[in-house]
Amino acid sequence: MNTKTRVLIIGGGVVGCSVAYHLTKLGWSDVMLIERSELTSGSTWHAAGGFHTLNADTNMAALQGYTIRLYRELEEITGQSCGLHHVGGVTLAETPDRLDFLKAERAKHRYMGLETEIIGPDEIAKLSPITNTDGILGALYDPLDGHLDPSGTTHAYAKAARMAGAEIVLRNPVVELNPRADGTWEVVTNNGTIHAEHVVNAAGLWAREVGELAGVYFPLHPMEHQYLVTEDAPEVYEREAELPHVMDPEGEAYLRQEGRGLVIGFYEQDCDPWAVAGTPADFGHELLPDNLDRIGDALETAFRRFPVLERAGIKRVINGPFTFAPDGNPLVGPVPGMRNFWSACAVMAGFSQGGGVGLTLAEWMVEGEPSRDVFAMDVARFGDWITPGYTRAKVRENYQRRFSVGYPNEELPAARPHQTTPAYGLWRSQRAVFGAGYGMEAVNYFAPEGEELFETPSFRRSNAFEATARECAAVREAVGINEIHNFGKYRVRGPGARDWLDAIMAGRIPLPGRITLTPMLSPKGRLIGDFTVSCLANDDFQLTASFAAQAYHMRWFNQHLPDDGVSIENVSTRRIGFQIAGPNARELLARVAGADVSNEALPFMRLAHLDIATSRALVQRLSYTGDLGYEIYVDAEDQIALYEALAAAGGDLGLTPFGMRAMMSLRLEKGFGSWLREFKPDYMPAETGMDRFVAYNKPADFIGKAAAAEEKAKGPARRLCTFTIDADDADVWADEPIWHNSKVKGFVTSGGYAHHSGKSVAIGFLPVELIADGLEVEIEILGEMRRATLYSTPLFDPDAKRMRG
């Protein structure tokens with residue numbers, strides 16, 4: 001065993017071996033993988049071995065497609081069989097909502113190059129004669145789905161890594177992880193100490209314990225999972241062709257052929273978190289005791305859907321643990337707050353996602369950033385607000401919902417409320433319906449008296465539609481009030497603050513009392529932040545960005561922070577307050593501020609420190625609603641006093657609270673983009689219109705400058721556009737394909753119904769050569785082609801007189 005290595009990977013399951021292979025593939029041969037027992041110990045060896053591309057996140061689906069296509073390459077490189085069975089897969093739809101969901105997924109696949117299709121009951125019966133199609137409306141068929149040999153595949157990854165120079169050490173538990181001052185690590189194992197430049201936690205069931213060795217909490221938890229292997233069945237072995245996978249979401253089951261019999265597994269409601277106190281050190285190749293009572297109801301449903309199961313005896317029961325993160329996606333990337341410590345864990349679908357996880361992490365380590373937006377599996381999507389209790393509750397919920405329809409407007413109830421602001425009680429008393437993001441409650445809309453405090457999950461317009469319309473009208477016709485706690489906020493101070501911001505932000509840094517908008521770019525010029533920068537004093541700034549990106553952005557800031565002269569502090573939950581917006585907003589502010597807030601005294605994109613009631617407030621003249629508006633920030637302790645002052649002064653002005661549903665409707669009327677929809681690391685400034693905020697000619701050599709300048713010089717191949725749609729009862733959400741002359745030419749990034757304008761609106765990409773005012777296209781919504789028209793003049797306040805006046 002070597003005592004020094006560039007990268008040390010802890011864990012010899014399919015994910016750890018994939019990371020080792022991909023690091024060597026990208027040119028880092030000085031790689032060591034350490035496994036506490038044998039390769040595949042833990043979850044890998046007892047996995048059912050299925051693989052599929054279906055995932056609500058398009059980049060995750062693409063990485064799953066990459067994983068599946070990789071297996072042939074591994075076999076060719078190593079000569080090691082992965083035991084591939086590309087039999088295709090069928091996901092059944094028994095309800096209209098499920099069919100809507102599958103149609104929406106099929107629409108995404110059109111521009112992703114995935115050849116899936118919606119099929120009917122007769123086609124289902126031809127593909128899988130053992131499936132009872134009674135009550136089935138249709139299904140999604142994916143020819144890429146299949147299954148493999150978990151052990152053979154893991155060993156193929158390992159062999160390919162070894163062939164490229166990696167070292168694999170078995171039966172050698174890690175007992176200590178000690179960081180050194182230079183950012184490297186001393187990894188103490190049973191067989192000796194290894195000095196590693198980088199450490200990767202790919203420890204699977206033991207990822208929590210490995211994290212504890214480094215002083216880090218990883219939000220994941222193991223769950224028990226059972227599947228059954230049947231005896232031989234003539235309906236199976238007498239066929240010439242192998243049966244496809246069948247996913248029966250209503251029955252919470254998946255089924256596939258296994259030799260001459262079948263495998264059927266369940267994601268049952270009566271599920272059990274495993275190893276709450278920690279994964280036992282001596283666990284490895286054991287299974288857990290059978291618990292058929294737990295899947296009794298699901299088994300009865302399976303007998304009706306697949307009658308052959310009643311005649312085929314059970315040969316074996318597999319009950320083993322595997323790990324979930326709270327949202328079911330992996331935890332991948334550089335661990336926030338740590339140097340050279342990386343995550344590749346919570347990969348519950350290792351044979352669908354393991355290749356993509358390995359590729360992503362290797363790109364991140366070798367090239368400095370992944371080749372696509374991977375926020376959906378970035379370990380930084382969770383912050384230091386998360387706890388083991390929250391994790392367990394959400395993991396259990398996610399397991400139970402493994403086959404549930406994922407509605408775009410659905411708010412899941414487990415572990416809520418977790419974090420709230422002082423205003424939470426005020427909103428509850430006004431019949432607020434809440435959503436949650438990054439652990440924090442935020443108002444979605446206010447339900448009228450007599451209506452339930454719950455938004456019906458749907459792909460179509462929900463019961464929040466009319467309430468949202470009323471809130472939008474209040475903003476456009478009088479004045480609305482909305483909480484601004486759900487922005488990420490950072491205080492940057494020090495004599496070097498301005499120069500540092502100039503180097504890390506692509507836009508101009510404002511002078512005192514002014515505000516600018518600026519993207520933050522990666523070295524390759526990709527968008528990694530959409531910031532509002534407020535200059536409170538020459539060496540004192542407030543940055544505002546996405547609330548959900550706090551750990552993501554703090555990780556980037558800390559990686560680029562100089563040794564002295566600059567301090568940065570995350571004040572997201574300590575500096576909160578309200579925004580007021582609408583034609584009466586200035587009059588309301590004047591009543592409570594006791595100061596001149598005219599357009600001359602406080603113009604657009606300026607700030608002022610004002611005394612409001614008993615609070616000293618930071619007031620910023622801007623609003624995401626695209627209307628006349630102000631953001632008013634105070635310390636969290638002063639929020640209630642601020643609200644009471646605004647409410648008392650605003651009664652005769654029509655002051656009305658509004659939620660995030662209205663906010664997102666109002667921003668559409670101005671064509672304002674949103675983070676992780678129009679702006680994310682898949683995109684660059686010029687193609688998104690963010691180039692208007694990039695200071696290409698400023699002296700500072702800001703991160704990503706060369707790449708952004710190159711994109712500008714060449715000109716983008718596509719640009720964001722806005723469309724109105726002849727919609728029925730469903731609007732776009734995101735990822736719908738845009739058709740022109742019967743071909744898919746682009747895709748939707750976001751959209752919805754713009755209530756004040758009375759229009760269904762979409763924002764999306766099209767090739768620049770097609771873009772022209774009045775261009776007619778079709779946008780596919782839930783399997784139907786809807787006529788859409790491109791426009792370039794904002795639907796509301798097109799000359800910005802109200803917003804700026």
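**Notebook: aromatic pairs**

I looked up Phe403 and found that this residue is buried, with a relative accessible area of 14% (buried means under 20%, exposed over 50% and partly exposed in between, with a 1.4 Å probe and protein chains only). I note that the model is predicted, that local features need pLDDT of at least 70 and side-chain atom pairs pLDDT 80 or more, while totals for chains, interfaces and linings use all residues. Residues are numbered from 1 along each chain as its sequence is written, and side-chain values use heavy atoms, with hydrogens and water left out.

I then looked up the aromatic pairs, of which the structure holds 31 (rings of Phe, Tyr and Trp, the last by its six-membered ring, pair if their centres lie within 6.5 Å; planes under 30 degrees apart count as stacked, over 60 as edge-to-face and the rest as tilted). Tyr267 counts as buried, at 7% relative accessibility.

I next checked Phe375 and Tyr552, whose ring centres are 5.6 Å apart with planes at 90 degrees, so this pair is edge-to-face. Phe375 is buried at 13% relative accessible area, and Tyr552 is buried at 12%.

I also recorded one aromatic cluster, formed by Tyr254, Tyr267, Phe322, Phe324, Tyr399 and Phe403.

Last, I looked for charges over rings (NZ of Lys or CZ of Arg within 6 Å of the ring centre and within 35 degrees of the ring normal). Arg260 lies over the face of Tyr237, at 3.9 Å from the ring centre, and Arg476 over the face of Phe796, at 3.7 Å from the ring centre.
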